[in-house]
Amino acid sequence: MRISVCLIVKNEEDVIERCLESVKGFSDELIVVDTGSSDKTKEIVRKFTDKLYDFEWIDNFSAARNYAFSKAKCDYLFWLDADDIVMPEDAEKINNLKKSEELFEKLSSVYQKKQIFLKINSSAS
């Protein structure tokens, strides 16, 4: 289970670092789409990710959000605003969920391989 965290930003230098700090412990990919910042937002974002994209603002949040989603490569998308944060206990819950999902996927894979092996061996008898 891999998570892409996606944000749209513009002139968020006062809040963006706190937001990105709150998601860095569970995000596998951080996608930030900037719609025309003139402050230090981009400089701050670059401390966290190289996946910073410019998007010309066309008065359409959905278009900017969908552009951010189009850049994401992970299994799940996590959306938040630059002034949002994920509390540490919630980040921990997300990490636990990721671990349990990974364990489930591994066990499922082992089970499927065992089933295939049994089927092949029973056919050979």
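Me: Is Glu-29 buried or exposed?

Reply: Buried. This is a predicted model, and the reading here rests on a computed accessibility. The cut-off for buried is under 20% relative accessible area. Glu-29 has 7%, so it counts as buried.

Me: Where is Glu-29 placed, and what does it touch?

Reply: Glu-29 belongs to strand S2. Leaving aside residues up to four places away in sequence, it touches Ile-3, Ser-4, Val-5, Lys-51, Lys-71, Ala-72, Lys-73 and Cys-74. Take Ile-3: it is 26 residues from Glu-29 along the chain, with 6.5 Å between the C-alpha atoms.

Me: What about the rest of S2: how many of its residues are buried?

Reply: Read the strand residue by residue, then side by side. Six of the six residues of S2 are buried, so the strand is largely enclosed by the rest of the structure. Glu-29, Ile-31 and Val-33 point one way. Leu-30, Val-32 and Asp-34 point the other way. Both sets are buried.

Me: How do S1 and S2 run, and how many bridges join them?

Reply: For strand pairs, check direction and bridges. S1 and S2 run parallel, joined by six bridges.

Me: Which residues have the most contacts inside the largest nonpolar core?

Reply: First the general idea. In soluble globular proteins, nonpolar side chains tend to be buried together. Now this case. The largest nonpolar core holds 19 residues, and Val-5, Leu-7, Ile-16 and Phe-26 have the most contacts inside it. At least two core residues come from each of S1 (3-9), H1 (16-23), S2 (29-34), H2 (41-45) and H4 (88-124). A second, separate core has eight residues, including Ile-8, Phe-55, Ala-68 and Ala-72.

Me: What does Val-5 touch?

Reply: Look past the residues up to four places away. Val-5 then touches Val-23, Phe-26, Ser-27, Glu-29, Leu-30, Ile-31, Phe-78 and Leu-80.

Me: Now a helix. Where is Tyr-67, and is it buried or partly exposed?

Reply: Element first, then accessibility. Tyr-67 is in helix H3, residues 61-71. At 24% relative accessibility, it counts as partly exposed. Cys-6 is 61 residues from Tyr-67 in sequence, and their C-alpha atoms are 9.9 Å apart.

Me: What volume does the largest pocket have, and which residues line it?

Reply: Read a pocket by volume, then by lining. The largest pocket has a volume of about 170 Å³. Its lining is Ile-8, Val-9, Lys-10, Glu-12, Thr-35, Trp-57, Phe-61, Trp-79, Asp-81 and Ala-82. By class, that gives six nonpolar, one polar and three charged residues.

Me: Last, the whole chain. What pattern does it follow along the sequence?

Reply: Count elements, then read their order. The chain has four helices and four strands. Along the sequence, the pattern is β-α-β-α-β-α-β-α. Buried residues make up 31% of the 125 residues. Of the contacts between residues at least 6 apart in sequence, 70% join residues at least 24 apart.

Terms used: Residues numbered from 1 in each chain as written. Predicted model: local features only at pLDDT ≥ 70, side-chain atom pairs only at ≥ 80, totals over all residues. Heavy atoms only, no water. Core = buried A, V, L, I, M, F, W, Y, C linked by side-chain atoms within 4.5 Å. Buried < 20%, exposed > 50% of the residue type's maximum accessible area, 1.4 Å probe, protein only. Contact = heavy atoms within 4.5 Å. 1 Å grid on protein atoms, 1.4 Å probe; cavity = no way out; pocket = protein on both sides within 12 Å on 5 of 7 lines; lining within 4 Å. Points joined across faces, edges and corners; volume = space filled by probe spheres on them. Nonpolar A, V, L, I, M, F, W, Y, C, P; charged D, E, K, R; others polar. Pairing = 2+ DSSP bridges.
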